[in-house]
Amino acid sequence: MDIKPSNAQIIMPTTAQDMDTVLWLFEQAMALQGKNGYKVWDTIDKKALQLDIQNGLQYKILKGNTISCIFSIQYTDPLIWRERDRNDAVYLHRIVVNPELKGQKQFAHILNWARQFAEQRNLSFVRMDTWADNEQLIAYYKSFEFTFIETYRTPDAPELPLQNRNLDVALLQLKINN
């Protein structure tokens with residue numbers, strides 16, 4: 001599903017040809033967030049990224065020929081959302097903004113896309129998780145009408161990408177009015 005958000009940007013699945021750029025974006029995000037004193041991923045699970053790309057679960061926002069942002073989705077997330085995972089949500093994961101294009105409200109484009117995606121599939125929620133101790137980021141997502149659900153420690157499960165294991169995360173959801 002390709003969606004054209006405002007400002008001539010297009011959201012579409014990433015491809016295998018994007019892998020070098022995807023890895024570069026993660027490296028840049030990790031360096032920038034670490035330098036600014038925020039918690040960052042210790043590593044990026046390249047195999048999990050490749051699977052997301054192969055399965056059409058990772059998306060990019062293109063502004064011209066430049067990838068301005070990437071994010072992954074899931075249709076279920078039972079390891080993190082447990083009993084709340086009832087096949088009624090799209091789950092957003094691993095949102096990374098191109099550092100050269102920060103401040104251009106990329107998340108607003110992702111959320112618009114996710115709302116349309118959920119509505120077209122009669123899903124009730126857009127859900128996501130983020131670092132539990134990053135109050136600024138939690139407040140940012142709440143400014144988009146996300147509701148804080150709880151703090152949860154992710155399991156050390158092989159089904160999770162390496163970078164998502166043993167983390168304290170804040171679970172957030174946005175109700176979609178179908």
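Select D168 first. In this predicted model, D168 counts as partly exposed, because its relative accessibility is 36%. D168 lies in strand β7 and R153 in strand β6, so the pair ties together parts that are 15 residues apart in sequence. R153 is partly exposed, with a relative accessible area of 44%.

Next, select E150 and R82. They form a salt bridge, and the closest N and O atoms are 2.2 Å apart. This pair links distant parts of the chain: E150 is in strand β6 (residues 147–153), while R82 is in the loop between α3 (78–81) and β4, 68 residues apart. R82 counts as partly exposed, at 23% relative accessibility. Then show Y152. R82 lies over the face of Y152, at 3.7 Å from the ring centre.

Move to D88 and R127. Their salt bridge has its closest N and O atoms 3.5 Å apart. D88 lies in the loop between α3 and β4, and R127 in strand β5, so the pair ties together parts that are 39 residues apart in sequence. Are D88 and R127 buried or exposed? D88 is buried, and so is R127. The charged end of R127 sits over the ring of F125, 4.4 Å from its centre. The structure holds seven salt bridges.

Now look at the largest nonpolar core. Select F71, I73, L92, F107, W113, V126 and F146: of its 28 residues, these touch the most other members. Which element gives the largest share of this core? It is α4, with seven residues.

Zoom in on F146. Beyond its neighbours within four places in sequence, F146 is in contact with residues including F107, L111, V126, M128 and Y141. A second, separate core has 13 residues, among them L25, I44, L49 and I53.

Select α4 (106–120). Its 15 residues should span 21 Å at 1.5 Å a residue, and its end C-alpha atoms are 21 Å apart, which agrees. Buried residues in α4 include Q106, F107, H109 and I110. Just after α4, find N122, which takes a positive phi of about 55°.

Finish with the rings. Select Y59, F71, Y75, W113 and F117: they form one aromatic cluster. W113 and F117 are also among the buried residues of α4.

Terms used
Residues numbered from 1 in each chain as written. Predicted model: local features only at pLDDT ≥ 70, side-chain atom pairs only at ≥ 80, totals over all residues. Heavy atoms only, no water. Core = buried A, V, L, I, M, F, W, Y, C linked by side-chain atoms within 4.5 Å. Buried < 20%, exposed > 50% of the residue type's maximum accessible area, 1.4 Å probe, protein only. Helix = DSSP H or I, 4+ residues; strand = E, 2+ residues; numbered from the N terminus. Contact = heavy atoms within 4.5 Å. Expected span 1.5 Å × (residues − 1). Phe/Tyr/Trp six-rings, centres within 6.5 Å; stacked < 30°, edge-to-face > 60°. Lys NZ or Arg CZ within 6 Å of the ring centre and 35° of its normal. Salt bridge = Lys/Arg side-chain N within 4 Å of Asp/Glu carboxyl O.
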